[in-house]
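Reader: I would like to learn how to read a protein model. Could you walk me through one?

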Amino acid sequence: MNQTTTGGSPAHTGSRGSRIVGLLAAGGAVALLVFALVLSPADRIQGEAVRLMYVHVPAAICMYLCVGLLGLGSALWLVKRTPGWDVLAAAAAEVGLVFTALTLLTGMLWGRPTWGVYWVWDARLTTTAMLAVLLAGYLALRRVPATAESRSRRAAVAGLLVVIDLPLIHYSVSWWRTLHQGETIATTDVKIDGLMLFSLVLGMAVGVLVTVWLLIHRFRVAWLEEEVEQGGLDLALAERRAEAEVGA
Amino acid sequence: MLADARLIAGKDLRIERRARVATNQVAPFALLILVLFAFALDPDRGILDRATAGLYWVAVLLSTVLAVQRAYALESTDGLPDALRLSGLDPAAVFLGKTAALALQLLVLEALLLAGVVLLYTTELAGPALLAATCLAATLGLASAGSLYGVLAAGLRVRETLLPLLLLPVVAPVLIGATRAFEAALAGTPGEGWPWCGLLAIFAAIYVAFGMLAFGPLMEEL
């Protein structure tokens with residue numbers, strides 16, 4: 001378990017800190033299940049479907065958190081040019097895409113019983129779908145074979161552009177929709193049951209913990225990948241040299 | 001800086017004038033899209049009439065992808081990337097020059113497509129001031145975003161497939177804004193279209209500013 005790579009990093013991605021976060025997240029998830037499915041009441045209007053809120057809203061918050069980290073990592077890479085920021089942006093984009101997909105999926109499942117359809121061209125839905133495409137494009141760009149420096153540079157600019165474009169898309173789409181129809185998501189539920197509110201806040205806390213846990217591991221995996229990539233060349237050179245010596 | 005930009009734009013336009021890729025390939029492609037839309041949406045049932053603005057801008061967007069690919073394919077051969085880097089030109093000026101050349105080509109293409117919808121879809125051009133302003137603002141936005149993503153994907157072996165995936169979602173606000181503005185103009189209510197034109201101008205301003213800042217690091221990727 002205590003093997004180390006050439007760079008002196010551990011050969012696995014867990015650490016005491018990440019294990020604590022992971023245990024907290026797992027325990028929180030169990031508690032959330034109990035609160036969301038058993039203890040909290042069903043909604044008067046929406047019935048049991050309201051329980052989707054305890055996953056949907058936290059997923060959306062984690063999505064925004066990841067997009068924020070993507071922008072931060074990209075901007076700071078351009079300023080400082082240290083690989084850590086690039087790896088952070090990469091990890092945030094991947095985890096962010098997972099939460100974007102989760103937000104869309106739970107939103108559609110929630111939309112079917114409450115609005116009667118899986119999809120409406122609401123501003124928020126459309127923006128989220130566009131975000132999923134933008135993140136997929138960013139990750140596709142990262143996958144293109146290139147040197148580490150070159151990849152980081154392209155990715156940093158592309159990552160910043162995702163964050164810059166998001167408000168533009170949201171603004172244009174919401175304006176586009178409000179011309180045709182009112183906001184589909186009514187914001188009338190000002191009074192929310194105490195237990196429901198607690199479950200929602202618990203869901204958000206668990207979501208953030210899961211995000212942090214995923215980000216830590218993804219960050220470390222990406223870091224190790226980078227090290228392998230860099231070490232790979234040295235290793236190949238050493239092998240060729242050894243072969244040459246045997247030949248001589 | 002403006003002199004440098006003019007130099008780059010002049011070079012691109014001169015190459016385009018001699019090679020005629022834009023006139024012989026991109027422009028016919030754009031007109032072909034208009035014809036394909038007519039095949040897909042029966043022209044006798046009035047769908048084309050109602051959808052003209054949207055179809056027009058989708059045709060412009062798809063042609064933009066081609067034009068951007070062409071603009072950066074120019075730079076990626078014969079050691080030109082090194083020449084451009086060693087030329088000592090300000091990266092912001094290179095960006096402005098590429099954007100200006102691209103914008104000019106797109107404007108010509110848009111004029112051609114407008115003639116196309118007038119002839120093929122029997123559209124009557126109302127609100128010419130709004131139409132012209134929308135074309136200008138949208139083209140500047142498309143050209144600057146296209147230049148940025150063009151250089152981002154330049155030099156990659158998969159650029160033909162990657163560029164549309166990167167560029168098209170980003171220019172979605174242009175499609176929305178330009179379509180709404182055109183709809184308002186063609187319907188004879190240009191007052192509703194001007195705010196959309198403003199949105200297009202904001203989009204263009206943001207991308208021109210960001211492009212001028214980000215082109216420096218990206219020039220090394222050509």
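Predicted model: local features only at pLDDT ≥ 70, side-chain atom pairs only at ≥ 80, totals over all residues.

Reader: What pLDDT does chain B average?

Author: pLDDT is the predictor's confidence in each residue, from 0 to 100. Chain B averages 88, and 99% of the residues score at least 70. The model has ipTM 0.85 and pTM 0.85.

Reader: How many residues has helix α2 of chain B, and how far does it reach?

Author: Helices are DSSP runs (H or I, at least four residues), numbered from the N terminus. The expected span is 1.5 Å times one less than the number of residues. Helix α2 of chain B (residues 21-40) has 20 residues and reaches 27 Å from first C-alpha to last, close to the 28 Å expected.

Reader: Which residues of α2(B) are buried?

Author: A residue is buried if 20 or more other C-beta atoms, placed from the backbone, lie within 10 Å of its own. In α2(B) these are A22(B), V26(B), A27(B), A30(B), I33(B), L34(B) and F37(B). Their cover includes α1 (2-19), α3 (47-73) and α5 (91-120) of chain B.

Reader: How many residues does the contact take from each chain?

Author: Two residues are in contact if their C-beta atoms, placed from the backbone, lie within 7 Å. Chain A gives 21 residues and chain B gives 22. On the side of chain A that touches chain B, α5(A) gives the most, with 13 residues.

Technical notes. Residues numbered from 1 in each chain as written. Chains lettered and ligands numbered in written order. Helix = DSSP H or I, 4+ residues; strand = E, 2+ residues; numbered from the N terminus. Buried ≥ 20, exposed ≤ 12 C-beta atoms within 10 Å, placed from the backbone.
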